[in-house]
Amino acid sequence: MTDMIEVKVEDLTGLALDWAVGTAVGAYGLQIWNYTDGTCDVRFCEPEEEDSPQTLTLSPTSDWSQGGPLTQKYGVLLSPPKSMVHRNYGNFDERNGWYESGVWGATIFGNERKHRRRSFNHPDQPLVAAMRAIVQFELGDVVSVPAALVEGGAK
């Protein structure tokens, strides 16, 4: 059994975030594959037939063929670093106004089942922001992930 630790969704990266996405979307047979060179990845089973499941690498944070459909399914609103945001520094402050956000933003708006709206951002990876939003939407602000994926066991 793998030791699990709790991590804030906003702090998830890499394989730990891939694992959390798999948990959030109900990926079947989620597991860590370790290699002799000390690296690992996250895998899941996709049964083509019940007798012969196919094992696939789960990488929605870096592979648009996996992360893109999830972004669409959950209706994640992505906004690029050039999108404008309003900053209010208080009354009589000349810095008030519209500025470029400078980061990729991802927002999910709640539905009847979950009335949450939360935004996540990342400086240059829109899929990371989108996947964090999906994980938080499904699992909450803190999730359990294998410690090996967080504590440097994953390269």
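These questions and answers walk through a predicted model of one protein chain.

Local features here need pLDDT of at least 70, side-chain atom pairs count only at pLDDT 80 or more, and totals for chains, interfaces and linings use all residues. Residues are numbered from 1 along each chain as its sequence is written, and side-chain values use heavy atoms, with hydrogens and water left out.

Me: How many helices and strands are there in the protein chain?
Reply: Helices (H or I, at least four residues) and strands (E, at least two) are DSSP runs, numbered from the N terminus. From that end, the elements run β-α-β-β-β-α-β-β-β-β-β-α-β-α. The count is four helices and ten strands.

Me: What share of the 155 residues in the protein chain is buried?
Reply: Buried means under 20% relative accessible area, exposed over 50%, and partly exposed in between, with a 1.4 Å probe and protein chains only. By that rule, the buried share of the 155 residues is 36%.

Me: At what angle do helix H2 and helix H3 pack?
Reply: Two packed helices are described by the angle between their axes and the distance between the axes. Axes are lines fitted to C-alpha atoms, for helices over the stretch in contact, and angles run from 0 to 180 degrees between N-to-C directions. H2 covers residues 64–73 and H3 residues 126–139. Their axes lie 10 Å apart, at an angle of about 50°.

Me: Which word describes how H2 and H3 lie to each other?
Reply: Angles under 35 degrees count as roughly parallel, over 145 as roughly antiparallel, 65 to 115 as roughly perpendicular and the rest as oblique. The angle between H2 and H3 is about 50°. H2 and H3 are therefore oblique.

Me: Which residues of H3 meet H2?
Reply: Contact means heavy atoms within 4.5 Å. On the H2 side, the residues are Trp64, Gly67, Gly68, Leu70 and Thr71. Their partners in H3 are Pro126, Leu127, Ala130, Met131 and Ile134.

Me: How many nonpolar residues does the contact of H2 with H3 have?
Reply: Ala, Val, Leu, Ile, Met, Phe, Trp, Tyr, Cys and Pro count as nonpolar, Asp, Glu, Lys and Arg as charged, and the others, Gly among them, as polar. This contact has three polar and no charged residues. The nonpolar ones number seven.

Me: How far apart are the axes of helix H1 and H3?
Reply: H1 spans residues 14–25 and packs against H3 at an angle of about 45°. That angle makes H1 oblique to H3. The distance between their axes is 9 Å.

Me: Is Ser59 buried or exposed?
Reply: Ser59 sits in the loop between strand E4 (52–57) and H2. Leaving aside neighbours within four places in sequence, Ser59 is in contact with Asp18 and Gln66. Its relative accessibility is 15%, so Ser59 counts as buried.

Me: What separates the C-alpha atoms of Arg43 and Gln31?
Reply: Arg43 lies in strand E3 (residues 40–49) and, at 14% relative accessibility, counts as buried. Not counting residues up to four places away in sequence, Arg43 touches Gln31, with Trp33 and Tyr35 also among its contacts. Arg43 and Gln31 are twelve residues apart along the chain, and their C-alpha atoms are separated by 5.3 Å.

Me: Which residue with a positive phi follows H2?
Reply: Within H2, the buried residues are Gln66, Gly67, Gly68, Leu70 and Thr71. After H2 comes a residue with phi near 65°, and that residue is Gly75.
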